[in-house]
Amino acid sequence: MTPGQFFGAPSHPRMARSLRSGVGGLALLGLLHAEAEWTPRLALYAVGRSGVEAAAPYGLWLLATVASLGVFVGAAPRASAGVLCAALAGLHALAPQVYHNNYYVLWLLVAITALDGPRAHRAPWSSEEGEATTSLVPRLVQVQLALIYLLSVLAKAAHPWWREGGAVVRWIVTERVPQSGVRGLVNPALAPLLSEPALAAAAQSGIVCLEALLPAMLFSRRWRATAFVAGATMHVVMQEWLFPQLFTFLMLLGYYAFAPAGDRGWTLSLCETRPAHRRLARALPRLDWLGRVRLDLRPEGPLRLVSPAGLAREGLSALWWLAALCPPSVLAYAAFALVAPGVTEVLGLPRAAVENGVVMVVGGIGLIPGKRSSQTPHGELGDGS
Amino acid sequence: MRPATATALGALWIAAQLVIPAARAHPSSPYPASGRFSWTMFAGPLVGRCEHALRVSLSDARPAPMPLRGSAMRTVLDARAPGEFSQAVWLFAPYADSDAEVAASLDALLRRWARTLPPGATLVSELRCASPGWPRFTRRLQVRR
């Protein structure tokens with residue numbers, strides 16, 4: 001494939017709209033979550049400055065938040081994305097201490113959505129389909145994800161600490177997480193294993209190898225489904241262990257850029273006499289931003305989702321796979337982790353432990369195997385073209 | 001968008017992504033890659049392992065007014081041992097690439113804070129850094145109000 005064929009390939013308009021609204025939603029959540037990190041840093045910025053100077057970063061923060069809402073709902077989306085980029089750049093130029101690599105990833109993804117796509121936005125939850133056209137947004141998001149993994153491998157390879165087999169992983173489990181005060185469930189479970197030098201070295205090499213392989217796997221039709229599972233699992237485990245927060249959700253959203261759009265390859269069978277099923281049928285067009293699911297209303301029968309390959313799942317397992325097909329599930333996960341950063345306890349339990357527990361239970365549902373269905377397959381999983 | 005425009009923009013995007021980390025690389029340093037604009041946790045230089053000695057005196061021997069306990073400024077001023085100081089560095093010099101960069105950010109902060117002290121106050125700050133992999137770094141700052 002030549003660069004022209006790659007960047008000039010037509011893309012379903014739902015894809016660019018979904019990525020744009022997804023990035024806008026994550027920007028909004030990230031800027032609300034930034035309160036915990038930015039408030040003490042901006043307090044330092046304000047020391048010895050005039051009132052107007054001290055207030056300026058807060059003004060830019062507010063402007064960025066309003067612009068991110070515009071990107072999410074599709075109000076002048078390219079202009080909103082431009083304003084969001086300018087506000088974040090201005091904020092970082094004014095008060096460099098608020099810089100974080102998470103916001104740099106966010107900035108790049110917002111900039112990508114500002115580069116291309118219709119100026120007049122149709123939200124991904126609108127029913128209009130449109131025709132496939134050349135769009136840079138999905139291709140650049142794909143390239144950005146690959147660059148993030150590859151540059152991460154290079155940075156690790158250049159770092160003396162990462163070259164010492166297992167040293168970073170051992171430090172994380174024995175010092176970094178215990179001293180951070182985060183009371184999650186993952187580190188106590190991993191610490192006895194990963195404080196062993198051989199296992200720590202294996203885990204460290206495994207992370208670097210996976211990051212090195214993921215870009216090639218994501219661009220390969222044959223390995224894409226495996227890359228989705230391996231990459232998403234890696235990001236969810238890292239989130240529940242080390243809480244990189246916004247970075248996790250931006251990366252998970254980026255994986256949708258490799259998925260098909262508008263293929264209606266999955267079939268969701270619902271029973272039209274059951275109120276809960278009818279509610280789901282009404283909500284589906286607002287959740288299925290990428291247009292992956294074909295609705296099949298029947299007079300009776302269970303909630304059932306059949307994959308393009310003919311694997312059928314029912315009940316909770318079907319709902320889990322439906323959520324995995326829909327980008328708003330990343331926003332829901334992000335909201336669960338990022339909203340109200342000052343809340344450290346839920347019902348008397350550490351918030352980190354509650355998040356870990358909920359994610360483990362929800363993740364476990366996804367492991368329920370599907371059964372071979374007699375329904376005709378409609379498409380292909382992982383066809384990103 | 002025309003395919004040719006898309007290709008040109010795509011190529012520019014990739015080039016920019018490679019130029020930014022390359023421009024921030026320090027091939028002769030013990031940590032060649034910068035943590036800023038990098039995509040991995042715990043891969044920037046290890047800096048800020050410093051002892052910080054701070055004295056603030058007023059002309060009439062009264063105790064100097066300190067920021068409220070629990071405030072960000074007080075956290076920085078109270079961070080004296082290397083462990084505490086390296087954590088406080090994240091408040092005023094995140095992703096610093098060297099101890100000299102940490103010292104420059106601390107100097108700027110202390111100079112601004114000194115402006116809030118009563119006239120005649122003297123601030124003396126001594127920083128001694130021994131971050132792993134780096135040569136020892138020291139600096140002394142004296143500010144008179």
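**Exercise 1. Determine the strand order and the pairing in the open sheet of chain B.**

Step 1. The open sheet holds three strands in the order E1-E2-E3 of chain B, paired antiparallel. Strands (E, at least two residues) and helices (H or I, at least four) are DSSP runs numbered from the N terminus, and two strands pair if DSSP finds at least two bridges between them.

Step 2. Strand E1 (50-57) and strand E3 (137-144) of chain B are the edge strands, since each pairs on one side only. Strand E2 (residues 122-129) of chain B is joined to E3(B) by eight bridges. Within E3(B), B:Val143 is the residue opposite B:Leu123.

Step 3. On average, neighbouring strands of this sheet are turned by 5° against each other, direction ignored. H4(B) lies across E1, E2 and E3 of chain B and runs at about 15° to E3(B). Axes are lines fitted to C-alpha atoms, for helices over the stretch in contact, and angles run from 0 to 180 degrees between N-to-C directions.

The model is predicted: local features need pLDDT of at least 70, side-chain atom pairs count only at pLDDT 80 or more, and totals for chains, interfaces and linings use all residues. Residues are numbered from 1 along each chain as its sequence is written, while chains are lettered from A and ligands numbered from 1 in the order in which they are written.

**Exercise 2. Describe the side of chain B that touches chain A, by helix and by residue class.**

Step 1. Chain B and chain A each bring 38 residues to the contact; two residues are in contact if their C-beta atoms, placed from the backbone, lie within 7 Å.

Step 2. Helices H1 (3-23), H2 (72-78), H3 (82-92) and H4 (99-114) of chain B each supply at least two residues of this side. H1(B) gives the most, with ten residues.

Step 3. By class, this side of chain B has 27 nonpolar, eight polar and three charged residues. Here Ala, Val, Leu, Ile, Met, Phe, Trp, Tyr, Cys and Pro count as nonpolar, Asp, Glu, Lys and Arg as charged, and the others, Gly among them, as polar.

**Exercise 3. Trace the pairing of E6 in chain A.**

Step 1. Strand E5 (residues 304-306) and strand E6 (residues 311-314) of chain A pair in the antiparallel sense over three bridges. They form a hairpin with four residues between them, and A:Gly310 in the turn has a positive phi of about 90°.

Step 2. E6(A) also pairs antiparallel with strand E9 (residues 371-372) of chain A, over two bridges.

Step 3. A:Ala312 stands opposite A:Val306, and in E9(A) the bridge partner of A:Ala312 is A:Lys371.

**Exercise 4. Is A:Leu19 buried or exposed?**

Step 1. A:Leu19 lies in helix H2 (residues 13-33) of chain A.

Step 2. A:Leu19 is buried because 28 other C-beta atoms lie within 10 Å. A residue is buried if 20 or more other C-beta atoms, placed from the backbone, lie within 10 Å of its own, exposed if 12 or fewer, and partly exposed in between.

Step 3. Leaving aside neighbours within four places in sequence, the contacts of A:Leu19 include A:Thr113, A:Val137 and A:Tyr256.

**Exercise 5. State how confident the prediction is for chain A.**

Step 1. Chain A has a mean pLDDT of 92, and 95% of its residues reach 70 or more; pLDDT is the predictor's confidence in each residue, from 0 to 100.

Step 2. Over residues 379-385 of chain A the pLDDT is below 50. Where pLDDT is low, the predicted coordinates should not be read in detail.
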